[in-house]
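Colleague: I have just opened this entry and would welcome a guided look. Could you take me through it?

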There are 2 protein chains.
Amino acid sequence: MPEEGVLSQIKRFLVGHPIPSHLAHHERLSRVTGLAVLSSDPLSSVAYATEEILRVLVIAGVATLSFASPIAVIIAAILAIVVFSYRQTIHAYPGGGGAYLVAKDNIGSTAALIAAAALLIDYVLTVSVSIAAGVAAITSALPEWHLNRVELAVGFVVILALGNLRGVRESGRIFALPTYFFIVSILSLVAVGAWRVMTGTTQPLPPPDDPVHVANSGLTLFLLLTAFSNGCTAMTGVEAVSDGVPAFKPPEPKNAAATLVMMACISIPMFLGITFLSQTYHVIPSETETVVSQLARGVFNGRGFPYYAVQAVTMLILVLAANTAYADFPRLSSIIARDGYLPRQFMNQGDRLAFSNGIIVLSVFAILLLVVFGGDTHALIPLYMIGVFVSFTLSQAGMVMHWRRLRTPGWRSSATINGIGAIVTGIVLLVVAVTKAHEGAWIIMLLIPVLVVFFRVTHKHYRAVAAQLTLTGAVEPEARRHNTVLVPVSGMQRAVVRALDYAKTLSSDVRAVYVDVDPAATEQLRRDWDKWGRGVPLVVLPSPYRSLLEPLLEYIEQIDATRSDDYVTVVLPEFVPARWWHHLFHNQRALLIKGALLFKPNTVVTSVPFHLAR
Amino acid sequence: MPEEGVLSQIKRFLVGHPIPSHLAHHERLSRVTGLAVLSSDPLSSVAYATEEILRVLVIAGVATLSFASPIAVIIAAILAIVVFSYRQTIHAYPGGGGAYLVAKDNIGSTAALIAAAALLIDYVLTVSVSIAAGVAAITSALPEWHLNRVELAVGFVVILALGNLRGVRESGRIFALPTYFFIVSILSLVAVGAWRVMTGTTQPLPPPDDPVHVANSGLTLFLLLTAFSNGCTAMTGVEAVSDGVPAFKPPEPKNAAATLVMMACISIPMFLGITFLSQTYHVIPSETETVVSQLARGVFNGRGFPYYAVQAVTMLILVLAANTAYADFPRLSSIIARDGYLPRQFMNQGDRLAFSNGIIVLSVFAILLLVVFGGDTHALIPLYMIGVFVSFTLSQAGMVMHWRRLRTPGWRSSATINGIGAIVTGIVLLVVAVTKAHEGAWIIMLLIPVLVVFFRVTHKHYRAVAAQLTLTGAVEPEARRHNTVLVPVSGMQRAVVRALDYAKTLSSDVRAVYVDVDPAATEQLRRDWDKWGRGVPLVVLPSPYRSLLEPLLEYIEQIDATRSDDYVTVVLPEFVPARWWHHLFHNQRALLIKGALLFKPNTVVTSVPFHLAR
């Protein structure tokens, strides 16, 4: 291996050594690690879903908060429907059945690209929302950090990005523990809370110091639907398991389906438990403390060890939930790039089987959102929901087409389950669009078509390039046999001698070219040439306009005019400076020559590196 | 000539066609055009010098304004001394005697570099201050434009930059007329004003609507010295003529010296006249109207044609005064670059004998200052004076050394004249430094040493490079005779075939290199190779880590290890897209390979352009 540069060394230090591909299958996920890696998003959303419902209802007054429970029950029911619907996708697409693939297979490319756009946006928001909510868990426990929540959030995204650049395997190991700690803590919170309700030892919480603004505007259907839309955030991330089927140990579909059901069985009780208890404990949303934090204070009698444990694991799982997107965004963008709808950079695998470019793009946009929306979960939620339900609906609708097309045994009941899923998620999508458009969802409604156009433009370009590159039916011209090699010379020095030596290996027709702007200097060069010219003939070009470039270009034109079977190769010394900022001092002329010849056919510019030691 | 790119075409459109160098001597300046081009700066400064004195004096109350006349007389006397001093420089340095050259010849490199830094800063400020004052002349006549003065100022700098990119000759022609119109208008203003004083028909102006803030703080010596410092702005630009001697028609020194004296004979009466009349007409500085504007209203009985004429030519000459700097900044930076103290880019002449890079740098910094200081002349003046008087002092001191060294006939009287000049300008420098440091001059006092360090670092680097490049006493190693040419291949397509054809002209040892990450694709490539491989042997490299780059680098290492007399040339197809933003879609891998091999000795990466039509 060649000597590593400083940048490579830093990269190795931060992201570790490469993994050979024959080890790749060791990185597969078991059900236990799969739940941790792929289901932390839907599981963790119970940390903020209840709050998002309450924050809308409270607008109509504190009394309205009692509507939270029926809304939560409806959402839980829809979640169950979606999970059953996706279970079928897993079995039908054991190679990974994301909304993009399912829509592409069964509906068409436009539907697929809409799903792709929705999903990519969705993954970015998964990172932003989860991190924002995770930071809210910290700042609820440690209010003095509230002012630094954007910095904290950005710090977590950076840590996640580096972790993921290291690769999938460690991700599994790192993320398994906190997910299970979270499940245990929240279920304990719900159990203790329920026990205290049954034993009649609950004490309602006093209203918070800084409650969310209450408008007492009166309860409207629109308000209820808005609360419902917000609560549907509990469903986000359900599709991650079905996208990631091939990451599971064999039998992949079976393990993935089991993991999906496990996820539902755990998250529904947590979500309903938190919602019910919030009402029993009279939790009122506050600007600086989360609902879960208030509830934990109420159930565990203030800020003791159990309270801090809940906050800590909530923070952990939320930061890790963002990791779902780090598994999916690069994988999806790689698939889209392979289909020619995204630039090829997203297709390349990095050394560690992780898709570095996708990870970096995801992190940059997530940080952008966190900074623009001030790290506020509640401000980000309206943007989140559109993408999620666009992809749900397209995916389920695609599955209905799938069954109708294949007509495998039992296809009717399968189509019915997916059909119900499609209709239900479609209705939720409409509700979300209507209730959330003015709160920021319009950005996403605008962004999805923009992305689709970008996909199409990219695809069109690659198709045009492929047509220009294809050899099918092509008649390639006879190869040119002659190569006229020119070495532009500005004076006699070591780098020029090296360039001449190199040029002489390329062709028997090498000429040094010197532009005469000062007769004295030209005379000096002629004298030096005998000693150092390496036997290469020296061509001196006059320059009536004192330009250094034009005479060279004209000379190349002349050569081109004389013979039709040759290449012209311009060999230039290129100084490789010892320090990057020394570039300021060098290679200006080489750059000019390259730029001037870039569009000229059969002309090649070659730089011979001359390494400066200082 | 090759086909021009869009950028070249735009450049041609904006800056015109190149001028051949045998025409260069036609661009020489006569006394008449020389006064216009090189003396518009000191001439035009009478437009704001009086105002700068009054703005300081008025702080102590309106009564103190009467001190303006004696201060102006002292300044005029110093100006005469400086002009006589510089007259000697012109004769001693017929090749152009800027402060940098004189200090380098006679004092030493540190003094020369301090002078160079001071002058470069000075030129930038000449542009900013002149343009700001020119815009003030406009907004005095058209107060509704006062709010847009920064935009106006930036617009003028851009126009000047384009004009100067076109070349010197047109500059002379364009600038001659307004300069003489200005001289005539201001002398008429002074004459009519004096006539009315003598005939007793003056009417004092009413106080302005928005006078400058008056503190009534009481007259102190410090205040008088500050007023004096400000007034010295009348002297700025005197050195331009002595810098530009070779731009004159022969006999150059005689014409230049005559021009310098002409300048003094014209500007002293204008400056004194405006100052005396301002007092007679009871002009009080205002925030929105210049002193000259008020005076013209007073002398010409309100805003009639003569008033607007004065404002218009004042504006014109001030914008054109900035042009002095456009003649000098690129010339000086080119000289400094030739001595190795500035990057080589400043040494290159553009097609039009104008020093494009210097023009662009000057414009950028001038615009920066105008924006930061809100286009306010008065705010810029404190920054201006330090650089001017540092270079004056060093230049005159250098001339004293010059005479002491040469001892030509009459050297004693010459040394005395320059000695008086050095002492007087040195004292002014001290006064300016003490009175202006807190108003912004500290920026310049900091910037001069920073620039000197930059000059030194640049020089050290070029010296180190020259030592590494020199062939004097060098024993160059035997030329390597063999060239192993590698063509990395990612699939069979037309650009690869072209690269193979090109590679075959370079060496008899050409090998195509393919990294195997997918056995099926490798098999396909092997089949295609027989038809399209151009007889080049195909080397398939295994990639246990799925990396595309590492196996190639290791293969190059192997070749290097086998033989010691060869170069390794990597030939890559490079896509030249039809639209610039299509670069996003291409050449990522080529960039990676180039980056990885940049520091490897005897390894050259060559790109064979493949032009995409769409």
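Predicted model: local features only at pLDDT ≥ 70, side-chain atom pairs only at ≥ 80, totals over all residues.

Colleague: Which rotation superposes chain B on chain A?

Modeller: A rotation of 180° does so, with 0.1 Å of shift along its axis and an RMSD of 0.1 Å. The two copies are thus related as by a two-fold rotation axis. Copies are superposed by least squares on the C-alpha atoms of residues with pLDDT of at least 70 in both.

Colleague: Which residue of chain B comes closest to the rotation axis?

Modeller: That residue is L506(B), whose C-alpha lies 2.2 Å from the axis. The same surface serves both copies, since 99% of the contact residues of chain B recur in chain A. Contact means heavy atoms within 4.5 Å.

Colleague: Turning to helices, at what angle do α5 and α12 of chain B cross?

Modeller: The axes of α5(B), residues 68–92, and α12(B), residues 252–280, cross at roughly 175° and come within 10 Å. That makes α5(B) roughly antiparallel to α12(B); angles under 35 degrees count as roughly parallel, over 145 as roughly antiparallel, 65 to 115 as roughly perpendicular and the rest as oblique. Axes are lines fitted to C-alpha atoms, for helices over the stretch in contact, with angles from 0 to 180 degrees between N-to-C directions. Helices (H or I, at least four residues) and strands (E, at least two) are DSSP runs, numbered from the N terminus.

Colleague: Is C232(A) buried or exposed?

Modeller: C232(A) is buried, at 0% relative accessibility, while C265(A) is exposed, at 53%. Buried means under 20% relative accessible area, exposed over 50%, and partly exposed in between (1.4 Å probe, protein chains only).

Colleague: What does T603(A) touch?

Modeller: Apart from residues up to four places away in sequence, T603(A) touches V568(A), L597(A) and P609(B). T603(A) is in strand β5 of chain A, residues 603–611, and is buried, at 2% relative accessibility.

Colleague: And where is L219(B)?

Modeller: L219(B) is in the loop between α9 (168–198) and α10 (221–231) of chain B, and counts as partly exposed at 38% relative accessibility. Its C-alpha is separated by 9.7 Å from that of V58(B), 161 residues apart along the chain.

Colleague: Which residues does a cis peptide bond join in chain A?

Modeller: P250(A) and P251(A) are joined by one, with omega about -5°. In chain B, the peptide bond from P250(B) to P251(B) is cis too, with omega near -5°.

How values were computed:
Residues numbered from 1 in each chain as written. Chains lettered and ligands numbered in written order. Heavy atoms only, no water.
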